[in-house]
Each structure stands twice: as C-alpha cells, then as structure tokens.
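Student: I am new to this structure. Could you walk me through the terms as we look at it?

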Amino acid sequence: MATVKSKTVNPAMTESTVALLRELVAHLRDNRTELREEWARRITEARLLTAMTKEEIFAEATSVYDNYVEALETGTFEALQAYARNLSERIIPRGVETDEVVGIVLLLRDVLARSLFAKYRSDFDLLNRILDAYEPAANRIANTVAVGFVQERERIIREQQEAIRELSTPVLQVRERLLILPIIGVIDPLRARQLTEQLLQAIRANRARVVVIDITGVAEMDSHVANHLVQTVEASRLLGATVIVTGLSPDIAQTLVNIGVDLAKMNTVGDLQGGIEEAERLLGYKVVMHESGPAPKKS
Amino acid sequence: MAVPILKQSHYLIATIQSALTDQDFVQLRDALVEKVGRFRSRGVIVDVTALDVLDSFASRTLRDLAYMIRLRGAHTVIVGIQPDVAFAMVQLGITLSDVSTALDLEEGLTFLDNVESTT
C-alpha cells in the first residue's frame, strides 16, 4: 500500500469519504503505468489530439493523470486550474479544439471508472461507495479542465480583437491639411465610435481642412453604422473640415439610400484616387508633370 | 456676463470665455448684430473653444445670429468647437448645417478672407 503524503484535505468531506478516496488514490497510483497507457491508447483510437505526436500525447497524458490523482486526493482544485490554463496555453496554438480537450478528460474518467469496476466487481456494495466518492470529484475535475481551456481561448480571442481594432484605424496625413482614413474590415458600433473620436482628434491636431475616408475595404455596413458615418461627416464639418467618402460598394450605397441620407451632406467620390484628386483641388493644389519628365532612376 | 467683442479691421471677434446662460447667448446675438451695423463689419467670428457643451438653445441662437448678420451683409464663422462637443452635438441631431464653421481663430480669419475675395 503506497503511503499517502499529507496534504491539505477538503474539510467538507466526511471521514468515510476520505478513507475511500485514499484507497482510490492508492489504486490509481499503483496502476499508474497501465492506466496511463490504456488512456493514451483510447485517445488515439478516438482520433483525438491528432495535432500531436504519440510521445507528446503520452507526456501530456502523464501530467494530466498526475494532476488528476492529486486533485482527487486533496479535494482542492487550484493546482489543477493552474495546470489546465498552462496546458491550454500550450496546446491552443497547436490547433487543439475544445471538443478534444473535453473528450480526453471524459475518456480518462471512463478508464479510471472501468478499472474500479474491475477491481471491486466482487463487492457491489463497496463499489457503490467508492463510486459515490469518485464521481463528484471526477466530474468536478472534468469541469475544471474544460472551463480552464475555454477561458483561455476566450482570453486569446479578446486579445486578438483588441489588436485588430488598434491596427486598423490609422489616420494618415498625406499633404498639409489633408488626412486620409482608410478603413478595412468589419465596422461594429464600438469601432465606429473609436474611429470618429480618433478622426476628430486628428483633425484638430493636424489642422486638417479635408479628410478622405476610404471604405473600399469595408464589405458591408448596417444602417446603424451608416448613420454613424454620416454623424462623423457632420461632426468633422463642425471642426471646419470637409469629408470626402470614397470606395462605397453598391451594397453600402444601397444602405445609405435606404436610411434616407441627405446626399447633399455627403461628398462622395468613386475611388481613393479620385477622392485625393478632389481633396487637392479643394485645398488649391495642382499636380503637374516636370518639363523634363519623370526623375531618372538611381542606379 | 457680457462676452468681449473685439474689432479687427473689417471683422468682429467674439470670444466666449466660460459657460453662458440662455440669456447671455441672446445678449451676445443682439450685441453682434448691433455692432455689425455700427462698424460696418464684413465678417464675424464667434469663438466657442472654451465651451464644453453646446445645447440646442445655444445652437439655435448661433444659427439665428448667423442669419441675422447675413441679412446685414456680413458672414459669420463659428470656430473652436471641441471634438467631444462636436460628437455630442451630432448624436443629438444638432448639426448647425447652414452655418460656416472652422477649426480655430486663424482658420476662421482665412475663411472670411476667402469669402471676401469670392463675393
């Protein structure tokens, strides 16, 4: 019988449950090798963790197994939560999906349950009591690992969304008093608001008289966001800047007409090039070719 | 609180320095309309840089001011609307659409000079 190291035990457990769990944990430790191998075999059979090699699966299986047994023994789950987060951080970039993680944890629960059936099959009453101790803990463990995995994914998604938002709203000055705001991707109400605030601050900082907002890279826009675009144009005008909108797709043009935009308020040009040319004209620039033609290429 | 109004050659410049009551706005409107006649000004600049808020009454009064001064032969430019104020205004549907606006005093003067030369 393996000696159990003394660790803090969940005080909510009864005396008999503690004794049963001790017996259970001892069994799991004694059969560690066979049970891990059985589990790794079943993982491969169920075609889970296909993104990992057999060796990697066995190595992770060992870590999970040991953490599992420790959680059963102590009844505390902090170490398991920390391990689950750490595991998720490592395997998510490898392309492991949520259903695989939940799948392997449930498989481990099954493998361990089956080994308990095998061991205690001659004493049905004892088997029931062992299962009474085992099942709540095992379910809690499965839950902890799955939730840890999902939370880690959600954290990554939030980080990526924030990064996308920051990347895709640059306000660029291309001439004195002329700003360009090229918008790419999906605009949701939050991004639209950020865009407007950024633009208004930039108009003031650069003392811009004309702004070209190019939406060639925006596939679609709902009426809510279209209204926001109109408001951006109006707010910019209050700061003394004229806005030219370029690159409207037929869909977006349709949306603007549907929401009844006063077209006299919207200064639009087909493409970015046309928009910049119009802006230069408004600012009094004239672009001419040198008499001597294009500058020679530097060799 | 009376808003100081300065004369700069053919232009009048009214710089609002703190929040105004509705009555202050009306007084400002009337003072500008009167002075435009007295000094035969061709342009008026109203600088609202110091205002954190431009509600519908203030906006309506500014628009009335611009119309009345137009009737007296001069052009009005509102300058210095802050980004936050502009954003709040358009969300409430206040757009000051018939009134000329410019970023600041310098831009406002340039605007008036150009209006002069094209009329």
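Tutor: Gladly! Helices (H or I, at least four residues) and strands (E, at least two) are DSSP runs, numbered from the N terminus. By that rule chain B has four helices and five strands. This is a predicted model, in which local features need pLDDT of at least 70, side-chain atom pairs count only at pLDDT 80 or more, and totals for chains, interfaces and linings use all residues. Residues are numbered from 1 along each chain as its sequence is written, while chains are lettered from A and ligands numbered from 1 in the order in which they are written.

Student: What makes β1 and β5 of chain B edge strands?

Tutor: Two strands pair if DSSP finds at least two bridges between them. In chain B five strands form an open sheet with mixed pairing, in the order β1-β2-β3-β4-β5. Strands β1 (5–8) and β5 (100–102) of chain B each pair on one side only, which makes them the edges.

Student: Why are some residues of chain B called buried?

Tutor: A residue is buried if 20 or more other C-beta atoms lie within 10 Å of its own, exposed if 12 or fewer, and partly exposed in between, with C-beta atoms placed from the backbone. Of the 119 residues of chain B, 36% count as buried.
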